[in-house]
Amino acid sequence: MIFPPCTRRGEFVLWRDYLLENERRFVADDIHKILPVAHLQRLLDALSAKGYRIVGPTVHDGSVVWETIRVVADLPIGWRDHQEPARYRLEQTRSSEIFGVVHGPQSLKPFAFAPRESLLQIERTKDGFATHQMAAQPEKVAVIGARACDLAGLAIQDRIFLKDAYRDPYYAVRREGLFVIAVNCTRALSTCFCASMETGPRAKAGFDLALTEVDDRLLIDVGSEAGRQVLEGISLFPASEELIGEGATSIDACARSQVRRLDRARLPQALYDVHEHPRWDDVAGRCLACTNCTMVCPTCFCHTIEETPDLSHQQTARARLWDSCFTQEHGYIHGKNIRPTIKDRYRMWLTHKLASWIDQFGMSGCVGCGRCITWCPVGIDLTEELSVLLASSNRSSVAGRPVEGR
Amino acid sequence: MHTEADSIANPYVIHPATIVRKTQEAEDINTFRLQLVDEEVRRQFRFRAGQFNMVYLFGVGEAAISIVSDPDQPELLDHTIRAVGRITKAIAGLQPGEVLGVRGPFGQGWPLEEARGRDVVIVTGGLGCAPVVGAIEYIFRRRVQYGSVKILHGVKAPHDLLYRERFDAWRRSPDTEVTLTSDQPDKSWRYHIGVVTELFELVSIDPSKTIVLMCGPEIMMRLGVPILLRRGVPEKAVYVSLERHMECGIGLCGHCQMGPYFVCKDGPVMRYDRIETWLGRTGV
């Protein structure tokens, strides 16, 4: 097996190190500036002028989803989200807060790894068939309102689709046009645990611009050359030490207020070791295998390839669609299903997300966004499942063997 | 449509390949010899024994099928295909002159370079022995480069025994032993009776210079390998070929995972010590 150099056993890249390394590139630009909230429209206009389609959080059917926006008023001003296991509620607080909603079910994932991507159009010819490669129209999309956990999720997807054995050309085209304006979190949801995953609540890398909303002002960090260019021509004010301190204090307080955490200390091996733990039966009794957790997860990358011939059977289209390891078909081979039970599938999902992902890609597959907790219809909480699995003294029941690269 | 995808190597692109020969191996098993239509693609195509292609049928889909022909003749690609699913059943009806598609080659093959100069024990069970047939043929075309060859093959019932003529031909070769067994024999069966792992007791093995290649049901590997290990064969000298659901072939679609491995890119042939933990577990 060929592992990238960073993932040789014993050299797993910690998120913190990964983020610090990426952060260094823009140290020179790391001077905070202020954009009054009243001038946010200027930023949107500057993005439009540079040819970006702007996408932001909008209230839709009781949830917050990404939509194309034009004006600040399209953003969910005054709204706040409350998230708990199996519960998502929006509340209008009548405040002037612009980024009060932490997140909806979508992460940044759909922008680069499209839920449905046309791969090939194939037509019959006299020699057999001819293949035409499809590709997304390159589009400049500026997403405003991404959170630190979303950036971490996008970095993981980049690792998988762009930096593995193959560079996925479809993902690459979409990713190329993406401009990300992150928002630092100053309020944690009950489902958040990014602090323990060291992915947030401050956006440290992978953004073009990052905003911190402090009352009626937006502190701006520049994360890329493209970000710097967008700000050219917008009058910004230098931020006082006091205001910078206030922003940092709010972000730190957000981290401290998180009530959930995930203990990664003994991963991946500790989870490999509890393959026969009775808790898997317990969680299988609650899990509906609905696939919600995998659909809202910022990092899940499973997909299936679909063939759709036309009626004349002269043309056929191949597309990839998001798939989930919770489906019956996921582990199917002729005459056998490798993971026939929900127990097998939940165990597969959690073990992959928190353990084998580290062996595969040198990083955890979880960013601590908590979406899988909120959007699980029965409120299964992976932080709770993990702590129960690792708490009891079942560790030596299955002999563990470290994974070794070739 | 945009040109960027054209300029980067696109692992999803399927190349047409003409069926130049079809050999029926059994009622529902055929070997299709394919030749890539595009001359440039054909010239550049190289593979190693034990690697697989995603074989495509227009309008139907793809299946992962191992290449069983010789890597030194990469312009002709033999695929032994058993009609078991939607795609392979549709492929079974095709005739020479018709066109399939090929995407590949993918995965890690048999360690046949490493096996040079050593004794080779080949263990296969059931009907799934196509991948290992390619390895055996490879060795026999270079017979002097290898030590003794022992082929241990188990089937459930005698009518499951494929490639009878090939087994007979291999048996007649020098320094080669072929042992067959059936655990549900009929009166015509003149070989061993029992499961394939019992054959391990019947053959002489020099653990210091033996390499074992195994292909078949996982239960055979799970129960069989420990017997070999007790006889002194090192874990690192045992290789098994695994089967999982595959759609992309490049470690991206997620279906073929076995513990930390993607069987499509880290396998399908894997060294036993790497996957021992996972082989013994259900649901992985």
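1. Two strands count as paired if DSSP finds at least two bridges between them. With that in hand, look at chain B of this predicted model. Seven of its strands form an open sheet. The order is β10-β9-β8-β7-β11-β12-β15, and the pairing is mixed. The edges are β10 (192-193) and β15 (269-271) of chain B. Each edge strand pairs on one side only.

2. Inside that sheet, take β8 (residues 149-155) and β9 (residues 176-182) of chain B. These two strands run parallel, and seven bridges join them. One point to find on screen is B:G154, which stands opposite B:T181 in β9(B). In general, strands of a sheet pair through backbone hydrogen bonds, either parallel or antiparallel.

3. Helices lie across this sheet. Helix α5 (residues 164-171) of chain B lies across β8 and β9 of chain B. Its direction makes an angle of about 140° with β9(B). Helix α8(B) lies across β12 (238-241) and β15 of chain B. The angle between α8(B) and β15(B) is about 95°.

4. Is helix α4 of chain B mostly covered or mostly exposed? Mostly covered: nine of the 12 residues of α4(B) are buried. Among them are B:V132, B:V133, B:I136 and B:I139. B:G134 and B:Y138 are also on the buried list. The helix covers residues 130-141 and reaches 17 Å from its first C-alpha to its last. That is close to the 16 Å expected at 1.5 Å a residue.

5. Chain B is divided into two domains. Domain 1 covers 4-106 and domain 2 covers 119-279. Their centres, taken over C-alpha atoms, are separated by 23 Å. The contact takes 19 residues from domain 1 of chain B and 19 residues from domain 2 of chain B.

6. Which elements build the domain 1 side of that contact in chain B? At least two residues each come from β1 (15-26), β3 (52-57), β4 (61-66), β5 (77-82) and β6 (99-106) of chain B. β6(B) gives the most to this side, with three residues. By type, the domain 1 side of chain B divides into 10 nonpolar, five polar and four charged residues.

7. Now chain A. Its secondary structure comes to 14 helices and 16 strands. Chain A has 406 residues, and buried residues make up 45% of them. Consider the contacts in chain A between residues at least 6 apart in sequence: 74% of these join residues at least 24 apart.

8. Chain A also has two assigned domains. Both are written in two segments: domain 1 is 5-114 + 135-256, and domain 2 is 269-310 + 323-391. The C-alpha centres of domain 1 and domain 2 of chain A lie 27 Å apart. Domain 1 of chain A puts 34 residues into the contact, and domain 2 of chain A puts in 25 residues.

9. On the domain 1 side of that contact, α1 (15-23), β5 (87-92), α4 (148-162) and α6 (194-197) of chain A each supply at least two residues. Which of these elements gives the most? It is α4(A), with eight residues. The domain 1 side of chain A divides into 20 nonpolar, 10 polar and four charged residues.

10. β6(A) pairs with strand β14 (residues 315-322) of chain A, in the antiparallel sense, over seven bridges. Within this pair, A:I122 has A:T316 as its bridge partner. β6(A) also pairs antiparallel with strand β7 (residues 128-133) of chain A, over six bridges. There, A:E123 is partnered with A:A130 in β7(A). β6(A) and β7(A) form a hairpin, with two residues between them.

11. Last, the contact between the chains. How many residues does each chain bring? Chain B brings 41 residues and chain A brings 54 residues. On the chain B side, the elements that give two or more residues are α1 (4-7), α7 (263-266) and α8 (272-279) of chain B. The chain B side that touches chain A divides into 18 nonpolar, 13 polar and 10 charged residues.

Key:
Residues are numbered from 1 along each chain as its sequence is written. Chains are lettered from A and ligands numbered from 1 in the order in which they are written. This is a predicted model: local features need pLDDT of at least 70, side-chain atom pairs count only at pLDDT 80 or more; totals for chains, interfaces and linings use all residues. Two residues are in contact if their C-beta atoms, placed from the backbone, lie within 7 Å. Helices (H or I, at least four residues) and strands (E, at least two) are DSSP runs, numbered from the N terminus. Ala, Val, Leu, Ile, Met, Phe, Trp, Tyr, Cys and Pro count as nonpolar, Asp, Glu, Lys and Arg as charged, and the others, Gly among them, as polar. A residue is buried if 20 or more other C-beta atoms lie within 10 Å of its own, exposed if 12 or fewer, and partly exposed in between; C-beta atoms are placed from the backbone. Domain bounds come from an automatic or database domain assignment. The expected span of a helix is 1.5 Å times one less than its number of residues. Axes are lines fitted to C-alpha atoms, for helices over the stretch in contact, and angles run from 0 to 180 degrees between N-to-C directions.
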